[in-house]
Amino acid sequence: MRHSPRNRTVASCTLLVAALGTSATGCGSDGHPLSAKPYDAAERISFGGSIGDGKKADPDKPLEVTSDDSDDRITDVTAVDAAGRFVAGELSADGSRWHSTSPLAADARYTVRVSTEDEDGAPGRGTRTFETSRPTAKKRLNVTFGPKTGTYGVGQPVTAELSEPVREKAQRAIVERALKVDSTPTSEGAWHWVDDKELHYRPKEYWPTKATVQVRSNLPGIKIGDRLWGGTAKPLKFTIGDRVIAVTDASSHEMTVYKNDKVINTIPVTTGKPGFETRNGVKVVLGKEYFVRMRGTSIGIAEGSADSYDLPVYYATRVTWSGEYVHAAPWSVGSQGSANVSHGCTGMSTSNAEWFFDHVREGDVVKVVNSEGHTMETFGNGFGDWNLDWQKWQGGSALMATSPEGSNPAKQVRLTPQSI
């Protein structure tokens with residue numbers, strides 16, 4: 001939030017603090033108010049709402065800061081707890097009052113720093129510390145992050161599974177704001193609500209190669225709803241490997257495998273025949289199984305019918321939970337590279353399937369183009385997250401639509417007045 005209620009030049013708090021920290025008389029001895037040492041504003045401001053005298057503050061109530069002197073105005077407020085979590089807030093147009101707009105954490109210790117100025121523009125400073133009480137509600141919203149620690153491909157989303165459903169948009173915003181994803185190198189990304197109990201996070205583009213991704217939650221002690229408070233979440237750290245992308249062209253019956261944007265193999269394949277067409281779009285490797293017994297009954301094919309099958313399959317790389325694999329299909333070698341004869345999987349020779357199995361990992365990208373099948377489901381059957389364009393992906397965030405600046409709203413945690 002930016003605010004400049006008076007039509008006169010005001011130095012920003014950050015610049016003013018820096019200047020005063022260098023020298024209290026750095027502007028000379030001409031008596032200008034901005035060259036003076038900040039006055040003690042502690043006796044000229046009041047703290048209300050959540051802060052009570054002699055007892056811990058109720059985290060259910062907002063934090064309020066008020067100027068008691070009609071000639072003073074508040075210019076900046078920062079409230080941060082011992083864990084480094086800032087409280088967002090709004091300043092009134094006349095600078096007389098500031099109130100928090102994000103919830104306080106329960107069982108936490110806060111430091112509030114207030115900057116003011118008098119009618120002549122002289123700066124003031126005031127600080128207050130307080131503690132909040134424990135929550136009385138019994139329900140805790142615990143979070144489980146995925147994937148597990150390890151190294152993954154550039155398409156691997158971050159998942160967050162919630163122990164309780166969160167349906168209201170305002171409550172979702174609280175949860176989403178507290179779930180932090182940091183990558184090195186930095187990548188622009190966003191959370192998307194899959195349903196009431198699950199979120200996925202992905203970058204705008206695929207993860208950079210060799211990136212380190214760290215995920216954590218600031219929810220502990222934060223009030224989410226009337227009877228729901230933030231609970232535990234184990235932090236997660238994983239790394240990204242090489243950029244491996246396999247593109248299968250169902251019309252030319254060929255898979256091209258790229259590593260760090262260079263072609264490393266071209267493989268003749270067969271994909272789904274009419275009635276069993278392979279899904280188009282981007283899929284993400286979910287796992288690898290050396291041996292799988294595949295039965296037609298698992299996808300609704302009646303046993304004993306013309307399309308029925310029961311086969312031992314080797315070097316099976318899974319891309320959907322419903323049973324789509326890239327795998328060895330020695331029975332269809334004569335059709336690989338020339339026709340589509342499978343029941344939806346991508347088949348290749350045993351030697352090629354072994355090579356593919358050895359050169360991909362979870363999180364690598366498998367993309368199918370020019371198939372007559374429908375597009376891979378976004379959620380529920382694996383990771384089809386990349387089949388949503390960036391704008392639609394952001395539309396699934398509880399923060400993006402409410403952010404005044406439309407970007408990175410989770411970082412809008414402190415208020416700083418604008419210099420004019």
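## Strands, loops and a surface patch in a predicted model

User: Let's start inside a strand pair: which residue in β21 is the bridge partner of Val-257?

Analyst: This is a predicted model, so everything here is read from predicted coordinates. β20 and β21 pair in the antiparallel sense, with six bridges between them. Within β21, the residue bridged to Val-257 is Asn-265.

User: What is the strand order of the open sheet of five strands?

Analyst: The pairing in this sheet is mixed. β21 and β22 (281-284) sit at the edges with a single partner strand each, so one side of each has no neighbour in the sheet. From one strand to the next, the twist averages 20°. Read across, the order is β21-β20-β19-β27-β22.

User: Which helix packs on that sheet, and what angle does its direction make with that of β21?

Analyst: The helix touches β19 (244-249), β20, β21 and β27 (365-369). It spans residues 350-359, which makes it α3, and its direction relative to that of β21 is about 145°.

User: Where is Asn-260, and is it buried, partly exposed or exposed?

Analyst: Look in the loop between β20 (254-259) and β21 (262-268). Asn-260 isn't a glycine, yet its phi is positive, near 50°. Buried would need under 20% relative accessible area and exposed over 50%. With 33% relative accessibility, Asn-260 therefore counts as partly exposed.

User: Which residues make the nonpolar surface patch of about 320 Å²?

Analyst: One member, Phe-291, belongs to strand β23 (residues 287-295). Phe-291 has 41% relative accessibility, so it counts as partly exposed. The patch is made by Tyr-290, Phe-291 and Tyr-314.

User: Which residues form the covered face of strand β3?

Analyst: In a regular strand, side chains alternate between the two faces of the sheet. In β3 (residues 63-67), Glu-64 and Thr-66 make the uncovered face. The covered face is Leu-63, Val-65 and Ser-67.

User: And what stands opposite Val-65 in β6?

Analyst: β3 and β6 (residues 97-100) run antiparallel and are joined by three bridges. The residue in β6 opposite Val-65 is Trp-98.

User: Which residue is joined to Gly-146 by a cis peptide bond?

Analyst: Omega for this bond is near 5°. The residue in question is found in the loop between β9 (139-146) and β10 (151-152). It is Pro-147.

User: Which residue does a cis peptide bond join to Thr-184?

Analyst: Here omega is about 0°.

User: Zooming out, how many helices and strands does the chain have, and what share of its residues is buried?

Analyst: The chain has four helices and 27 strands. Of contacts between residues at least 6 apart in sequence, 67% join residues at least 24 apart. Across the 420 residues, the buried share is 49%.

User: What part of the accessible surface belongs to carbon and sulfur atoms?

Analyst: The accessible surface of the chain comes to about 20,300 Å². Carbon and sulfur atoms account for 47%.

Definitions and conventions: Residues are numbered from 1 along each chain as its sequence is written. This is a predicted model: local features need pLDDT of at least 70, side-chain atom pairs count only at pLDDT 80 or more; totals for chains, interfaces and linings use all residues. Side-chain values use heavy atoms; hydrogens and water are left out. Helices (H or I, at least four residues) and strands (E, at least two) are DSSP runs, numbered from the N terminus. Buried means under 20% relative accessible area, exposed over 50%, partly exposed in between (1.4 Å probe, protein chains only). Two strands pair if DSSP finds at least two bridges between them. Axes are lines fitted to C-alpha atoms, for helices over the stretch in contact, and angles run from 0 to 180 degrees between N-to-C directions. Contact means heavy atoms within 4.5 Å. Patches are made of residues with over 30% relative accessible area and no salt bridge: like charges are joined within 9 Å, nonpolar side chains (Val, Leu, Ile, Met, Phe, Trp, Tyr) within 5 Å. Accessible areas come from the Shrake-Rupley method with a 1.4 Å probe; for residues, only the protein chains shown count as cover. A salt bridge is a side-chain nitrogen of Lys or Arg within 4 Å of a carboxyl oxygen of Asp or Glu.
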